[in-house]
Amino acid sequence: MWRRQVGALLLRPRSTPSSTLRHHLLLPVPDQSPPLASNLLLRLFTSQSGEGGDGATKPFIAFVLGGPGSGKGTQCARIASDFGFAHLSAGDLLRGEISSGSEKGELILNIIKEGRIVPSEITVELIRKAMESTDAKRVLIDGFPRCEENRIAFERITGTEPDLVIFFDCPEDEMVKRLLGRNQGRVDDNIETIKKRLKVFESLNIPVVDYYTSRGKVHKINATGTEEEIFGAVRKLFSSLRF
């Protein structure tokens, strides 16, 4: 019974300044009275939340965490292919909603243009609906939660915790080297921005990892070495699980 009515839960507006869409959609948001766009967006999600049967079986949920350049995205794609997981990315879901041209997508874009953060409740609602729309019995949620506020919102709205948290543990110097060397023409792949992203990751993501470690849910993967070497450790972990 993991699907819950979430209407009352979504009426907790949050907002704070932001600099970029790609890397700061999911940062924590201090309580403030939201402008019109945010208010309307929350109402839209409220009016459509909780649809569907409450008798659906909860999927096996795995959160996948790791710093920028840790290789988690690459490994997620292989996990999904080899072990039958649906691969969900919170950032991709937000960008997908924006590119769809829907009313909610336009409102999300307006929030970002105003230099504010999309409330965690809205991001979680997109994840919840994506989980409901897939037939997969196993779900990877890539790069989420990025902070304690994300985690709390997810557990409150979905009424469940992840079954597994995978943390790709990679030294900072290795992540910097990978990001500088991937040469994908991304403006944020410069040393100054990379250092800032790693600092944000350390301050916001690590408390989430620590919390789930205390719950006995975290499996750390040594994210140094080649892609094949890292996936060897991933394969060993997933082959040992009973879903």
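This is a predicted model: local features need pLDDT of at least 70, side-chain atom pairs count only at pLDDT 80 or more; totals for chains, interfaces and linings use all residues.

Colleague: How many bridges pair β4 and strand β5, and in which sense, parallel or antiparallel?

Modeller: Five bridges, in the parallel sense, with β5 covering residues 218-222.

Colleague: And which strand do five bridges join to β4 besides that?

Modeller: That's β1, residues 60-66, and β1 and β4 run parallel. Here Gly66 stands opposite Phe168 in β4.

Colleague: What should I expect of the side chains along a strand?

Modeller: In a regular strand they alternate between the two faces of the sheet.

Colleague: Why is β4 described as largely enclosed by the rest of the structure?

Modeller: Look at burial, which here means under 20% relative accessible area. Five of the six residues of β4 (residues 164-169) are buried, so the strand is largely enclosed by the rest of the structure.

Colleague: Does Asn150 count as buried or exposed, and why?

Modeller: Buried, because its relative accessibility is 1%, against that cut-off of under 20%.

Colleague: One more helix, then. Which residues of α8 are buried?

Modeller: In α8 (residues 172-181) they are Glu174, Met175, Val176 and Leu179.

Colleague: What do the buried residues of α8 pack against?

Modeller: Against α9, which covers 191-214.

Technical notes:
Residues are numbered from 1 along each chain as its sequence is written. Side-chain values use heavy atoms; hydrogens and water are left out. Buried means under 20% relative accessible area, exposed over 50%, partly exposed in between (1.4 Å probe, protein chains only). Helices (H or I, at least four residues) and strands (E, at least two) are DSSP runs, numbered from the N terminus. Contact means heavy atoms within 4.5 Å. Two strands pair if DSSP finds at least two bridges between them.
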